[in-house]
Amino acid sequence: MSTVTKNTKSTATETHRTDPPPVVHTAAMLWLSAVALGAFEVVLMVSQELLASTSTVTDLLPGVGFRLAVFGGAIFLALRLKNGRNWARWTLAGTLGVLGTLSLVVEPVRWLLDGGSIAEAVAGMDAVSWAFASSRILHLTAVLGAMALMFQPRANAYFASAGAAAG
């Protein structure tokens, strides 16, 4: 009987770690979506810079390299989040949830505070600008949605039980 209990307990722990509640699964998928949208934005920015001949590939490499490192870290953390790693949840929240959100909104907010007009900006947008703005809005929505879901009661219970099972 103790063998059966031991096997059941082990299976329950394994199932718990591989099957997060929907809020955690969705949060992880939103983080991965934010990475994909960020990569799309980088492609748009690099393409625009190169087509306009305002930068060279060499000029753009450090920024692209930094973004690729951030994207790699975000993917790593999102996968750990899904597996119940509370440290990954807090790292995502502090770095990409707070600092990443600020990096997404600081330029548009600064532009608005300097007297920029949304109506004028929209009137002057081309297809690439629309694609970038749409992607940025979806990117920000994914980050804020993931942040909200990571701290829902079901997520909190999942991370607490995953920590107890690991410890």
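Me: Which residue just after α4 takes a positive phi?
Reply: In this predicted model, that residue is Gly115, with a phi of about 100 degrees.

Me: And α4 itself, how many residues does it have, and what does it span?
Reply: Helix α4 covers residues 86-113, which is 28 residues. From its first C-alpha to its last it reaches 37 Å, close to the 40 Å expected at 1.5 Å a residue.

Me: Where is the kink in α4?
Reply: The kink lies at Val105 and amounts to about 40 degrees. The proline Pro108 follows shortly after Val105.

Me: Which residues of α4 are buried?
Reply: They are Ala88, Arg89, Leu92, Ala93, Leu96, Gly97, Gly100, Thr101 and Leu104.

Me: How do α4 and α6 pack, what is the angle?
Reply: The two helices pack at an angle of about 150 degrees, and their axes are 10 Å apart. Angles over 145 degrees count as roughly antiparallel, so α4 and α6 are roughly antiparallel to each other.

Me: Is that crossing left-handed or right-handed?
Reply: α4 passes α6 in a left-handed crossing.

Me: New topic: how many salt bridges does a search of the whole structure find?
Reply: The search finds one salt bridge. In it, the side chains of Arg136 and Glu41 meet at 2.9 Å, N to O.

Me: Where in the chain are those two residues?
Reply: Arg136 belongs to helix α6 (residues 127-150) and Glu41 to helix α2 (residues 22-51). The pair links distant parts of the chain, 95 residues apart.

Me: Is Glu41 buried or exposed?
Reply: Glu41 is buried, because its relative accessible area is 2%, under the 20% cut-off. Arg136 has 21% and is partly exposed.

Technical notes: Residues are numbered from 1 along each chain as its sequence is written. This is a predicted model: local features need pLDDT of at least 70, side-chain atom pairs count only at pLDDT 80 or more; totals for chains, interfaces and linings use all residues. Side-chain values use heavy atoms; hydrogens and water are left out. Helices (H or I, at least four residues) and strands (E, at least two) are DSSP runs, numbered from the N terminus. The expected span of a helix is 1.5 Å times one less than its number of residues. The bend at a residue is the angle between axes fitted to the seven residues ending there and the seven starting there. Buried means under 20% relative accessible area, exposed over 50%, partly exposed in between (1.4 Å probe, protein chains only). A salt bridge is a side-chain nitrogen of Lys or Arg within 4 Å of a carboxyl oxygen of Asp or Glu. Axes are lines fitted to C-alpha atoms, for helices over the stretch in contact, and angles run from 0 to 180 degrees between N-to-C directions. Angles under 35 degrees count as roughly parallel, over 145 as roughly antiparallel, 65 to 115 as roughly perpendicular and the rest as oblique. A crossing is left-handed if the near helix is turned anticlockwise from the far one by less than a right angle, and right-handed if clockwise.
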